[in-house]
Amino acid sequence: MPFARLASATTPTCHIGLGLAAVGRPGYINLGRDEDLGPDRGVDALRTRTHELLDAAYAQGVRYIDVARSYGRSEEFLADWLKARPDVDDIVVGSKWGYTYTADWTTDAEHHEVKDHGVATYERQRAETAELLGDRLDLYQIHSVTPDSPALTDKELHAKLAQAAARGVTIGFSTSGPAQADAIRAALAVTVDGEPLFRTVQSTYNALETSAAPALAEAHDAGLTVIVKEGMANGRLAEPHAPDALRAVAAETSLGCDAVALALILRQPWAGVVLSGAATVHQLASNLHAAVVDLDEDQLTRLATLAEEPRAYWEKRGGLPWH
């Protein structure tokens, strides 16, 4: 597996990855994005911003980069960056298929992305990803699997994914929604010719949404690499939106709420990679301080009070506006 490269890395930040969801397209649901990006959301401006983030992340030890077909031009921006830096050969690149970007580079589209886990979508998007990333793609994930996703039962799709795995691409899946644990456990049961199909799982886990933890521990015990997304709860755990308990602990550590929020995830024994969704170089630097945050039992107890009921959490997330 390509994640063996991360296992051999020794930098404090090697377990923090960079996700490009927030900078690969002009519209996203992160709070505070208007201030982060400013008015210029043109393709060239976001390409430049993405490359600056990638340069900073790589220089500070980040070695996993996460993109998706539905993240606007994220694959294209990453591909351009990789082509300009042929000496960068030690990063792990993960992308996702299953959503199609439909906003046409606007922030006010009725639908920003359309979900389809069918074979035809897989084949189309796999070709699109291959055209941009070629053999730099290490991990291909089904985007946002839920318990009712046909991707869990489609034998033809499983066979095609297994063929990709046989050619050297690691196959994984991501989850979303209040029933993440059910989706994870269902995916762990998927086999092709008696062998488990999926080698990674990417799920939402943060101080507000902890419900997937037991299933993620089971996935880790089964040998999957666990990638954690939305560790900042789409900005709800960042200043100025952070809850009082998180603010208090952050003040005690003399670091940002973001660093504490991500550190809380890094200390989970099953967490292989925790994604930063930074939109600015300053945010990224602050996120990376998570690697040195040391939380005591009292602080952990206070942070544990922040967890919300899963359905309430996902209803709030679903109501966040596209900025």
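User: Which helix does Gln 125 lie in?

Analyst: Gln 125 lies in helix H5. Keep in mind that this is a predicted model.

User: What makes Gln 125 count as buried?

Analyst: Buried means under 20% relative accessible area. Gln 125 has 1% relative accessibility, so Gln 125 counts as buried. Leaving out residues up to four places away in sequence, Gln 125 touches Arg 69, Trp 97, Gly 98, Tyr 99, Thr 100 and Tyr 140.

User: Which cluster do ring pairs make with Trp 97?

Analyst: Ring pairs link Trp 97 with Tyr 122 and Tyr 140. Across the whole structure, a search finds 8 aromatic pairs.

User: Why is the pair of Tyr 313 and Trp 314 called edge-to-face?

Analyst: Check the distance, then the angle. Ring centres must lie within 6.5 Å to pair, and these are 5.4 Å apart. Planes over 60 degrees apart count as edge-to-face. The planes here stand at 80 degrees, so the pair of Tyr 313 and Trp 314 is edge-to-face.

User: Are Tyr 313 and Trp 314 buried or exposed?

Analyst: Tyr 313 has a relative accessible area of 1%, and Trp 314 has 10% relative accessibility. The cut-off for buried is under 20%, so Tyr 313 is buried and Trp 314 is buried.

User: How do you know that the charged end of Arg 126 sits over the ring of Tyr 140?

Analyst: Two tests apply. CZ of Arg must be within 6 Å of the ring centre, and within 35 degrees of the ring normal. The charged end of Arg 126 is 5.3 Å from the centre of the Tyr 140 ring. Another case is Arg 63, which lies over the face of Tyr 58 at 3.7 Å from the ring centre.

User: How far does helix H6 reach, and what span is expected?

Analyst: H6 covers residues 155–166, which is 12 residues. From first C-alpha to last, H6 reaches 16 Å, close to the 16 Å expected at 1.5 Å a residue.

User: Why are the buried residues of H6 said to be on the same side?

Analyst: Leu 157, His 158, Leu 161 and Ala 164 are buried in H6. They cover an arc of only 120 degrees around the axis, which puts them on the same side of H6. An α-helix has 3.6 residues a turn, so residues three or four places apart point the same way. The face turned away from the buried side carries the exposed residues Lys 155 and Ala 166.

User: What makes Ala 164 buried, and what does Ala 164 contact?

Analyst: Ala 164 has 3% relative accessibility. That is under 20%, so Ala 164 counts as buried. Setting aside neighbours within four places in sequence, Ala 164 is in contact with Tyr 122, Val 169 and Ile 171.

User: What caps the N-terminal end of H6?

Analyst: Asp 154 does. One of its side-chain oxygens lies 3.1 Å from the backbone nitrogen of Glu 156. A polar contact needs N or O atoms within 3.5 Å, so this pair passes on distance.

User: How do you know that Gly 61 is buried, and where is Gly 61 found?

Analyst: Gly 61 is found in the loop between helix H3 and strand E2. Gly 61 has a relative accessible area of 4%, and the cut-off is under 20%, so Gly 61 is buried.

How values were computed
Residues are numbered from 1 along each chain as its sequence is written. This is a predicted model: local features need pLDDT of at least 70, side-chain atom pairs count only at pLDDT 80 or more; totals for chains, interfaces and linings use all residues. Side-chain values use heavy atoms; hydrogens and water are left out. Rings of Phe, Tyr and Trp (its six-membered ring) pair if their centres lie within 6.5 Å; planes under 30 degrees apart count as stacked, over 60 as edge-to-face and the rest as tilted. Buried means under 20% relative accessible area, exposed over 50%, partly exposed in between (1.4 Å probe, protein chains only). Helices (H or I, at least four residues) and strands (E, at least two) are DSSP runs, numbered from the N terminus. The expected span of a helix is 1.5 Å times one less than its number of residues. The arc is that of the directions from the helix axis to the C-beta atoms. A polar contact is a pair of N or O atoms within 3.5 Å; within protein, one must be able to donate a hydrogen and the other to accept it, and residues adjacent in sequence count only if both atoms are side-chain atoms. Contact means heavy atoms within 4.5 Å.
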